Amino acid sequence: MDIDFKEYQLRCQLRGHEDDARGICICGDAGIATSSRDRTIRFWTLDESQKRDYTMSRILLGHTSFVGPLAWVPPNEEFPEGGIVSGGMDTLVLVWNIATGEHVQLLKGHKLQVTGIALDGSDIISVSVDSTLRRWRGGQQVEALDAHQAAIQAIVKLPSGELVTGSSDMTLKLWKGKSCVHTFAGHTDTVRGVAVMPNLGILSASHDGLWALSGEHLMEMVGHTSIVYSVDAHASGLIVSGSEDCSAKIWKDGVCVQSIEHRGCVWDAKFLENGDIVTACSDGIVRIWTVDHDKIADAVERDSFATQLSEYKISRKRVGGLKLEDLPGLDSLKTPGNSDGQTKVVREGDNGVAYAWNMREQKWDKIGEVVDGPDDTTKRPLLDGIQYDHVFDVDIGDGEPIRKLPYSRSENPYDVADKWLLKENLPLSYREQIVEFILQNTGQKDFIPDPLFRDPYTGSSAYVPGASSRSPGVTKPSYKHIPKKGVLVFDVAQFDGILKKISEFNNGLQSDPEKQHLSLNEGDMSRWGAIVKILKDTSHYHSSGFSNIDVAMVLKLLKTWPVELLFPVVDVMRMIVLHPDGAATLLQYFKDEDAGIIIELIKKITASSPLPANLLTSLRAVTNMFKNGYFNEWLLVHRSEILDAFSSCGSSPNKNVQMAYATLILNYAVLLIEKKDEEGQSQVLSAALEMAEDETIDSDSRFRALVAIGSLMLEGLVKRVALDFDVLNIATTAKASKDAKIAEVGADIQLVAKQT
């Protein structure tokens, strides 16, 4: 369909998602499917009564974390009304029957977030942050390719049948079957979206590029001021792109012909067949835009959106490097300035206005309105609306928060130090360090103090820097909770209760003729008493030991007892791994005839409808293995199996299970950072992000997940992956938490993200 360009206007708003709307799928004439951070997929159908609005007809529930890419399965024998394929942060690919609203296939194989879905006939193709491309047929994986050197962010199928993938390794790749036939190099950032430009080539969302299938870079479209997340093309020749700069831009012949502003990040943008545009925004609303005058929203809805957009822009407007809403009001002009010519920026209506202090007349003179230019970094820094030559971050230490220290070269550093210390309610004994710091960091090492200067508060002469002293750490980032050093363990046990439960279960087996052969005799029960006695006596851990018979008996029960009776036995093993000799003895069995016993135990315990007590004790047992270096190699080898088996525990309704899982993730983060294992760090990061974004889980568990994320970003190898995962959004949410430690670690993560 050929359309001449006209200005797009709001057609309708699809409200229902409870968090960011992330993905859009145009489902032929059947409707529109959208995905969200709220873990749902929603299906919208056209309101037949007026042919303008869409109404929500289905909510698809099944993913355990935010949902991203979607693909449409046209109606067929299996899906008379069509189907949807979805991918999520939970690493799953789900196939949905629109007629029933239920998922009919669960495809598990990816290790990290699924980022793209494409259909190739009846086959499903999925790509992931784990850098693989996987092909699924009839519910089974039939192919897995290590397709890129970094996370794959998008995939599209060409009309000719080939596949194109885009990646964080800054390349596009063209695939025929299992073979990469061309690599498109030239991007300088992650390729986050790909689309087909009819009869011309491939569009990529990074810096908005157009490529011919021959590999020739045909065009670059520049206009967005932040990350570009999506791109789509229409048969008319129009292109639409969505960006973190809160806009969807429409392009024609390489030129931006319209920018549609939104109330947040535009995660996705797609064309309907008729040329209308659908956008998914971080405010949770899906919007449709049209050039058809008969379908434009009524004046009330358009005006309401315009008002909301204006309020949002004001809340984000920056003046002189500060948010407009953060500037002081006119009342601040009642406070006298400190020096002649000192400037202050205040909020007047929707603008920032600069004033200068007139020392002679003791009043503020108006200079004029302040306007920020894009990326203006040449201005002097501001604090509380006042410009200074320097605004330093000062870390006093001793658990104190970082303070802002403003200073201009025209000021006396001793006077500044004293006034600042009093303002911050800090002891004047810090004066020496503060003055030394100001002089060193402003290039005034040869500064000669004014001999007539007197401390305005004590009458003493100024301190002249000379003797060495501890200077406050400045400019170097200071973190409250990261990086995490050392591991956490669960070292408290109710031994009498454990022993009583084992005895109770054993009596039950003895009274059951069919299971009597599994029970322990009197001598065995005596050995259990001896094991518990050794574990209770922590003061002699350095000299006490276990016999091979003791450990063999524990392992035998783990292999033979019914799964519902295992948790007290697992709890004993949890404590044995903390005992030096117990750990060493147990490890020998791991290497010999019982090499796979713990992995088999984990699989058995985490099978369908697992008992919370089994999950809790097994999670704690594996977590405790990190305490002893004996188990490091085993934990690294089986990392993927362990994390996959316990992956559902992050959303368990049992808070103790949540905490155990979060601690497992945190301990893995510490170990994998030490081992510089990038693949492992990526898997742990994905698991931690899934927990951290869930504000409903226990605060202590969420805190540990956030600490794992911050530590991996600060000292690991996955900071870029975390940024691709939209970690800043998670950190911002955490920082706004009423729980102090959650807010603090959220601030830590924000600070890491800003460091180059």
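**Reading salt bridges**

Reply: Asp571 and Arg574 form a salt bridge through their side chains, with N to O at 2.6 Å. This is a predicted model, in which local features need pLDDT of at least 70, side-chain atom pairs count only at pLDDT 80 or more, and totals for chains, interfaces and linings use all residues. Residues are numbered from 1 along each chain as its sequence is written, and side-chain values use heavy atoms, with hydrogens and water left out.

Me: What is a salt bridge, and how many are there by this rule?

Reply: A salt bridge is a side-chain nitrogen of Lys or Arg within 4 Å of a carboxyl oxygen of Asp or Glu. The count comes to 33.

Me: Where do Asp571 and Arg574 lie?

Reply: Both are in helix α7 (residues 567–576), three residues apart, about one turn of the helix. Helices are DSSP runs of H or I with at least four residues, numbered from the N terminus.

Me: Are Asp571 and Arg574 buried or exposed?

Reply: Buried means under 20% relative accessible area, exposed over 50%, and partly exposed in between (1.4 Å probe, protein chains only). Both Asp571 and Arg574 are buried.

Me: Which residue forms a salt bridge with Asp496?

Reply: Lys536 does, the closest N and O atoms being 2.8 Å apart. Asp496 lies in helix α4 (residues 495–510) and Lys536 in helix α5 (residues 522–536), so the pair ties together parts 40 residues apart in sequence. Asp496 is exposed at 55% relative accessibility, while Lys536 is partly exposed at 44%.

How values were computed:
Helices (H or I, at least four residues) and strands (E, at least two) are DSSP runs, numbered from the N terminus.
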